[in-house]
Amino acid sequence: MKLTNKTVLVTGGTGGIGMALAKQLIEHGNVVIVTGRDQDKLDEATRLVPGLNGVRSDVSDPAAIVDLHAQVIDRFPGLDVLINNVGIMRNLNLNQERDLADVTREIEVNLMGPVRMVQQFLPHLKTRGEALIVNVSSGLAFVPMPASPVYCAAKAAIHSFSQSLRVQLEGTGVTVIELAPPGVETRLFREEFKVETRGQKAMAPEELARRAIAGIEAGRDEIRPGQSNLLKTLSRLAPRLALAQMAKLSKPGH
Ligand SMILES: NC(=O)c1ccc[n+]([C@@H]2O[C@H](COP(=O)([O-])OP(=O)(O)OC[C@H]3O[C@@H](n4cnc5c(N)ncnc54)[C@H](OP(=O)(O)O)[C@@H]3O)[C@@H](O)[C@H]2O)c1
């Protein structure tokens with residue numbers, strides 16, 4: 001799909017990868033709407049990126065998704081691209097006692113969120129003739145980093161879900177693309193994982209966005225920039241070695 005003159009909804013677009021995508025999509029002549037939970041961040045994003053539209057919405061709340069859908073379809077009936085970008089990632093040591101409601105948070109945000117967004121927006125997208133869903137997974141969908149077990153499980157599930165969705169939507173005019181970023185220089189990558197990622201070079205969000213747009217326009221099903229492609233290859237050729245490498249990263253200093 002050529003990404004010009006489209007109307008694009010990017011979840012979690014007030015920072016990081018989502019904001020870089022939003023900015024470039026506007027530069028390519030698209031109408032872009034971003035979401036986030038924090039109104040101040042939305043105001044700041046729309047101030048920094050001229051032409052950007054912001055709607056407050058929490059992707060882990062089903063009622064908020066219904067409300068977002070109503071608002072977006074009313075204001076932007078030409079919506080034809082949904083980018084499920086929101087994601088959270090935490091270090092979770094499963095040997096520690098955990099609150100049962102909290103331990104599954106990444107599943108609610110990173111898996112249940114996109115599944116519900118697809119379900120809610122699909123009837124509209126199918127009316128567009130040509131439409132696109134982009135699900136943002138991760139290189140860690142192919143090989144887990146054991147320090148973030150629930151995150152990696154949710155991302156592996158998004159990979160699987162995207163494959164099934166693509167098959168189910170054949171012939172509907174709705175294309176499904178998975179974007180699996182490598183480490184990208186964002187808040188998610190640097191804050192929680194300062195120790196693990198020390199000394200590692202990550203991709204700039206602008207470069208990731210550029211590669212994502214190029215991959216979409218080239219018609220790729222799965223876009224795996226940089227290390228993500230390596231992880232996918234290793235997961236097939238040398239799965240034990242790949243896991244051992246990720247296990248090392250999960251035990252910094254040991
Ligand atoms: N950065 C990496 O190294 C990397 C690597 C592989 C995959 N990814 C994936 O790429 C995607 C974007 O990551 P990022 O690094 O750009 O993250 P980020 O910098 O932390 O940005 C996350 C965005 O999502 C929003 N958000 C968080 N929780 C939300 C919720 N429940 N509902 C709605 N919005 C929410 C945040 O705004 P509010 O806080 O205001 O809600 C923010 O706009 C994620 O799916 C992530 O898993 C990232």
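User: Which backbone nitrogen does the side chain of D80 reach?

Analyst: A polar contact is a pair of N or O atoms within 3.5 Å; within protein, one must be able to donate a hydrogen and the other to accept it, and residues adjacent in sequence count only if both atoms are side-chain atoms. Here the side chain of D80 reaches the backbone nitrogen of T7 at 2.9 Å. This is a predicted model, in which local features need pLDDT of at least 70 and side-chain atom pairs count only at pLDDT 80 or more, while totals for chains, interfaces and linings use all residues. Residues are numbered from 1 along each chain as its sequence is written, and side-chain values use heavy atoms, with hydrogens and water left out.

User: Where does D80 lie, and is D80 buried or exposed?

Analyst: Helices (H or I, at least four residues) and strands (E, at least two) are DSSP runs, numbered from the N terminus. D80 lies in strand β4. Buried means under 20% relative accessible area, exposed over 50%, and partly exposed in between (1.4 Å probe, protein chains only). D80 counts as buried because its relative accessibility is 7%.

User: Which residues is D80 in contact with, leaving aside neighbours within four places in sequence?

Analyst: Contact means heavy atoms within 4.5 Å. With those neighbours left aside, D80 is in contact with K6, T7, L125, R128, E130, A131 and L132.

User: How many residues are in the largest nonpolar core?

Analyst: In soluble globular proteins, nonpolar side chains tend to be buried together. A nonpolar core is a set of buried Ala, Val, Leu, Ile, Met, Phe, Trp, Tyr and Cys residues joined through side-chain atoms within 4.5 Å. The largest one has 31 residues, of which L3, V32, I83 and L132 touch the most other members. Helix α1 gives the largest share of this core, six residues. A second, separate core of 22 residues includes M117, L125, L165 and L169.

User: What is the phi of N5?

Analyst: Most residues other than glycine have a negative phi. N5 is not a glycine, yet has a positive phi of about 55°. N5 lies in the segment before β1, and counts as exposed because its relative accessibility is 69%.

User: How many residues surround the ligand?

Analyst: A residue is near a molecule if one of its heavy atoms lies within 4 Å of it. There are 30 residues around the ligand, and the closest are T14, R37, N85, Y151 and T186. They divide into 11 nonpolar, 13 polar and six charged. In that count, Ala, Val, Leu, Ile, Met, Phe, Trp, Tyr, Cys and Pro are nonpolar, Asp, Glu, Lys and Arg are charged, and the others, Gly among them, are polar. The largest share of the shell, three residues, comes from α6.

User: Which side chain has an N or O atom 2.6 Å from an oxygen atom of the ligand?

Analyst: That side chain belongs to Y151. Another pair places an oxygen atom of the ligand 2.7 Å from a polar backbone atom of V184. The protein covers 97% of the 890 Å² of accessible area that the ligand has on its own. Accessible areas come from the Shrake-Rupley method with a 1.4 Å probe.

User: How many residues apart in sequence are A180 and S138?

Analyst: A180 and S138 are 42 residues apart in sequence and 4.0 Å apart in space, C-alpha to C-alpha. The place of A180 is in the loop between β6 and α6. A180 is buried, because its relative accessible area is 0%.
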